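Please open the model in your viewer and keep the selection panel at hand.

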Amino acid sequence: MDNQPLIDVDRVSKVYCRNMRQSLWYGLKDMGREISGRRRARTKLRAGEFWSLRDVSLKLRAGQSVGLIGRNGAGKTTLLKLINGLIKPDAGSARIRGRIGALIALGSGFEPNLSGRENVYINGSVLGLSRREVRKQFDKIVDFAELEHAIDAPVKTYSSGMKARLGFAVASALDPDVLLIDEVLAVGDFRFQAKCFGRLNDLRESGTAFILVSHSTTSIIQFCQEAIWMDQGRVFRHGSARSVATEYVNWLQEKSNGEDAVYGPTLDDHWNLATADACFEAPTDSDGTAVLHHNQLATIRFCFETRQPLATPMVTFHLHREDGQLITAISTVNHPERLPRSGMVYAGVVEFGPLVLNPGNYMLIANLMNGREKVCRKLAQPFRVAGLDEMTWGLINFKQQWRSSEGSQAQERRISVA
Amino acid sequence: MPEPSSGHTDRTSTPTQRGPAATGGPHFSLAVGGAGAANDMPEAVYTPDSAILHPVRLLRDVASGLWVGRDLAWRLFVRNLRARYRQTVFGYVWAIMPPIALTLLWALLKGNRVVRLDMPGDVPFAAYALTGFTLWFAFLGALKSPMKAMSGSKNMLEKLCFPREALLVTCLGEVLFDFAIGLGVLMVFLIGTGVPVASTWWLFPLGGAAIVVFGFGLGVLLTPLDMLYKDVSKAIDAFATMWMFSTPLFYAPMKGTAGWVINWINPAVPLVVSTRSWLLAGQPESMYLAAFGVYAVLGAAMLAVGMVVFRLTLPYLIERM
């Protein structure tokens with residue numbers, strides 16, 4: 001059994017030019033160099049050019065799944081196109097083994113005037129299925145798309161949902177070694193989306209490797225083992241899907257609140273106004289996740305150190321659910337005098353609780369502010385809440401006592417008002 | 001900086017205090033077991049180096065693209081033909097309209113002595129003109145078709161990887177299909193009006209093939225340039241009429257120096273004149289034969305080189321789509 005990586009992207013870089021005219025001219029020159037054999041790896045940028053990918057490395061083995069997240073223009077789709085063989089790198093190399101499938105541009109090649117049946121063959125052919133493979137899988141494709149009654153009607157009579165389902169059904173009939181997914185994880189209504197996920201899970205279990213580009217961090221967390229946060233063409237974070245995606249979501253939320261993201265992800269940020277360390281005083285899993293217990297007190301041990309003295313220091317710990325939902329904050333804002341400080345070091349513990357949070361995965365974010373000004377924000381530690389075996393809903397769970405009501409009139413009055 | 005308390009494990013692989021890592025980030029690769037890959041997997045390596053440095057591999061890739069894409073080429077061919085005239089009443093009549101209409105028009109102008117058009121030999125005007133126009137539109141169609149096919153497939157090209165040579169095969173198929181229909185109409189006309197064909201008529205298909213190969217080869221070679229600068233196809237459209245009139249489609253070829261110059265400058269001249277002569281009048285003059293040979297070979301060379309250039313330049317074109 002061979003465990004060589006299916007995808008081996010080694011320090012790949014790619015140059016793009018924003019200006020249309022310059023881009024065409026450079027294109028002509030580059031084509032000339034390609035034809036004359038003079039093209040080599042690039043290290044310098046010409047006027048108007050920028051690095052859309054810079055020193056990106058990625059290894060993917062069978063059965064692995066990686067998510068690519070980042071702002072628009074971060075280079076995710078460029079990396080995907082490179083792996084798909086559509087464009088050439090300007091530096092570095094990419095070695096791709098195995099059959100590549102793509103869940104990109106569903107329904108490509110569809111001709112509206114032809115029937116769904118004919119389009120299945122065309123689209124299948126574009127995606128790389130042989131005529132025999134399409135014929136063999138035809139019934140399964142139509143069945144998956146739930147279009148038995150409409151398969152012989154011209155595609156222009158289909159609703160957009162039907163077209164999307166057919167496109168997905170054909171694309172998922174592939175059995176590739178690597179599946180590239182660009183934003184299209186599932187289409188159709190809720191029930192059909194469950195089918196899509198089911199199909200992708202089947203592929204994953206049979207050893208297909210995945211690269212998923214998505215703006216939905218929940219999908220990334222659900223689907224991928226690792227995630228890569230790309231920014232301005234570089235790999236900014238590369239780690240477990242959960243931690244990278246949650247960090248990204250928190251950063252996005254901060255940006256969308258209109259506040260200056262002191263927690264900025266660009267490489268040019270040189271902020272180092274303070275250092276922060278915080279963690280729960282609790283046992284941890286092997287990956288550092290703290291294990292807390294429902295309905296018990298929790299303690300955070302922290303230490304912030306600043307380079308300059310702060311006039312009105314304030315420490316706040318945010319507790320976030322793993323998809324970014326803020327649950328609550330533990331803060332010195334209401335009692336600033338209680339923040340332990342010694343010169344430019346703010347260290348101590350805070351005890352809070354009881355923890356009414358439902359069992360699940362959460363993140364602890366540590367913040368240090370000076371009045372309204374942000375000094376430091378850090379993802380301190382993921383934690384999970386355990387110790388409750390009941391059915392739960394929503395974010396929190398209260399202790400409940402159910403009994404029959406007899407007697408007091410006050411109680412009856414309350415009930416009738418309700 | 002104070003040490004973290006015991007029991008605290010540094011979770012993130014790059015500390016956020018310092019800002020993100022200066023290099024491309026940690027090289028994280030889980031060595032998960034899982035289904036192993038078979039050793040006979042297709043493998044592709046993408047590097048910045050020019051693909052022409054490995055000519056054997058390049059030619060093999062082109063050939064493989066043609067072979068693997070044959071089913072796709074056929075499907076796209078059928079799709080395009082059926083889609084073309086779906087929403088029309090007259091369908092394929094439109095494909096054969098131009099040569100017929102132009103022949104009728106010039107016959108009318110000649111008949112009313114608006115223009116004087118002498119024919120070489122005893123070839124009847126209508127047969128002469130219709131053959132000329134049919135060959136010309138086959139040439140022009142072949143020239144424009146690769147550029148149109150590429151422009152029309154931008155959606156597929158910029159998102160999916162498939163044997164791109166299939167697109168070229170498809171549009172060549174469409175060109176030949178249209179040519180076949182035009183020839184069919186021509187044959188019906190010649191037989192119907194009882195026009196005698198020359199003894200060299202069997203060279204006519206060879207001439208037709210050379211015309212299509214030259215037009216298509218030139219088109220394929222110009223396509224990468226056209227994908228960058230639309231001036232190419234716009235120039236062809238702008239000058240098509242002038243080019244058509246400078247070719248003796250419905251008039252006898254010029255004589256003397258002018259005739260010689262136009263024969264060598266305008267590739268359509270020797271290609272059309274020779275082919276038509278073979279069908280209607282017999283062996284053409286040696287000047288036309290010589291130029292025909294040169295352009296036929298040039299056309300085949302352009303087609304071969306064009307296919308290779310097409311493959312080499314595609315990544316650069318896709319980047320800019």
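Select Pro146(B) to begin: this residue is buried, because 27 other C-beta atoms lie within 10 Å, where buried means 20 or more other C-beta atoms within 10 Å of a residue's own, exposed means 12 or fewer and partly exposed anything in between, with C-beta atoms placed from the backbone. The model is a predicted one, in which local features need pLDDT of at least 70 and side-chain atom pairs count only at pLDDT 80 or more, while totals for chains, interfaces and linings use all residues. Residues are numbered from 1 along each chain as its sequence is written, and chains are lettered from A and ligands numbered from 1 in the order in which they are written.

Pro146(B) has its place in helix H4 (residues 125-152) of chain B; helices (H or I, at least four residues) and strands (E, at least two) are DSSP runs, numbered from the N terminus. Leaving aside residues up to four places away in sequence, Pro146(B) touches Leu168(B), Cys171(B), Phe216(B), Gly219(B), Val220(B) and Thr223(B), a contact being two residues whose C-beta atoms, placed from the backbone, lie within 7 Å.

Within H2(B), the residues Leu72(B), Ala73(B), Arg75(B), Leu76(B) and Arg79(B) are buried. Looking down the axis of H2(B), one finds its buried residues within an arc of 165°, so they line one face of the helix, the arc being that of the directions from the helix axis to the C-beta atoms. What do the buried residues of H2(B) pack against? Their partners are helix H3 (116-127) of chain A together with helix H6 (165-192) of chain B.

Now move to chain A and show its open sheet of six strands, which has the order E5-E6-E7-E3-E8-E9 with mixed pairing; two strands pair if DSSP finds at least two bridges between them. The edge strands, each pairing on one side only, are E5 (100-103) and E9 (234-240) of chain A.

Strand E3 (residues 65-69) of chain A is mostly covered, five of its five residues being buried. Ser65(A), Gly67(A) and Ile69(A) lie on one side of E3(A), with Val66(A) and Leu68(A) on the other. E3(A) pairs in the parallel sense over four bridges with strand E7 (residues 209-213) of chain A, where Val213(A) is the bridge partner of Leu68(A). E3(A) also pairs with E8(A) in the parallel sense over four bridges, and there Val66(A) stands opposite Glu226(A).

Finally, colour chain A by pLDDT, the predictor's confidence in each residue from 0 to 100: the average is 85, and 92% of the residues score at least 70. Over residues 259-272 of chain A the pLDDT is below 50. Where pLDDT is low, the predicted coordinates should not be read in detail.
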